[in-house]
Amino acid sequence: MKVLQVLFLTGFLSINGFSQEKIETVKIAKNESFLFRGQGQEINNGYLYVDQQGYFYFVVLTISQSDVFKWFEQRKDSQNVYKGILQNGQYKTLTLVRENEPGEQMVFYFEKKEKDIIELISLDDGKIYDFKQILSN
């Protein structure tokens, strides 16, 4: 009888041990930063930069387009740059705020129209702003 109990207990423990074995997977993803330029006459010099952590930065610049990516890498943490993070809810929204003027914010509905085009719709006045990707790192 004891032999049967020992065999049963040994079999149960070995089956239970196999069922609790963890399988670990490693997901390899390259974090990238992206740069978008405003499309249309009223936002043509507006740039939207998305860093590797997913933070959005917006500024209007009148420098050469080839220098904009470097400008953001060096100055994105300036208090004069609008910053925000995408909020997922019923609708994706992006709220951009400057650190030196936290009461002034720009709030947009966010939609990715195509692989390289972002559409922002202002919650204040309903204006639509399109940004086309120009560079990624």
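In which sense do β4 and β5 pair, parallel or antiparallel, and over how many bridges? They pair in the antiparallel sense, over 3 bridges, where two strands count as paired if DSSP finds at least two bridges between them. I will come back to that pair after a few words on the model and on the chain as a whole.

What we have here is a predicted model, in which local features need pLDDT of at least 70 and side-chain atom pairs count only at pLDDT 80 or more, while totals for chains, interfaces and linings use all residues. Residues are numbered from 1 along each chain as its sequence is written, and side-chain values use heavy atoms, with hydrogens and water left out.

Let me start with the overall layout. The chain has 2 helices and 8 strands, and along the sequence these follow the pattern α-β-β-β-α-β-β-β-β-β; helices here are DSSP runs of H or I with at least four residues, strands are runs of E with at least two, and both are numbered from the N terminus. Of the 137 residues in the chain, 29% are buried, which is to say under 20% relative accessible area, whereas exposed is over 50% and partly exposed lies in between, with a 1.4 Å probe and protein chains only. The accessible surface of the chain comes to about 10,000 Å², and 52% of that belongs to carbon and sulfur atoms; the areas come from the Shrake-Rupley method with a 1.4 Å probe, and for residues only the protein chains shown count as cover. If we take contacts, meaning heavy atoms within 4.5 Å, between residues at least 6 apart in sequence, then 32% of them join residues at least 24 apart.

Now back to the strands. A hairpin joins β4 to β5 through 5 residues, and within this pairing Q87 has T93 in β5 as its bridge partner. Moving on, β5 and β6 run antiparallel and are joined by 6 bridges, in a hairpin with 2 residues between the strands. R98, which lies in strand β5 (residues 93-98), stands opposite E101 in β6. R98 counts as buried because its relative accessible area is 18%, and, leaving aside neighbours within four places in sequence, R98 is in contact with Q79, N80, V81, Y82 and E104.

That list brings us to Q79, which sits in the loop between α2 (65-75) and β4 (82-87). Q79 is partly exposed, with a relative accessible area of 46%, and, with the neighbours within four places again set aside, its contacts are R98, E99 and N100. Q79 and E99 are 20 residues apart along the chain, yet their C-alpha atoms are separated by 4.8 Å.

Beyond the neighbours within four places in sequence, V107 is in contact with L94, T95, I121, S122 and L123, and from L94, 13 residues away in sequence, V107 is 5.8 Å apart in space, C-alpha to C-alpha.

V107 also lines the second largest pocket, together with residues including I43, F58, M106 and F108, and the space in that pocket is about 170 Å³. At least two lining residues come from each of β6, β7 (117-122) and β8 (128-136), and β6 gives the most, with 3 residues. The lining divides into 9 nonpolar, 1 polar and 2 charged residues, where Ala, Val, Leu, Ile, Met, Phe, Trp, Tyr, Cys and Pro count as nonpolar, Asp, Glu, Lys and Arg as charged, and the others, Gly among them, as polar.

The largest pocket holds about 300 Å³ of space. Of the 16 residues that line it, the closest to its centre are E32, F34, V50, D51 and K112, and the elements that give two or more residues to this lining are β1 (34-39) and β6 (101-114). For the record, a pocket is an open set of points on a 1 Å grid over the protein atoms alone, where a 1.4 Å probe fits, with protein on both sides within 12 Å along at least five of seven lines, and lining residues have an atom within 4 Å of a point; grid points are joined across faces, edges and corners, and the volume is the space filled by probe spheres set on the points.

Finally, F34 stands opposite V50 in β2, and β1 pairs with strand β2 (residues 46-50) in the antiparallel sense over 4 bridges.
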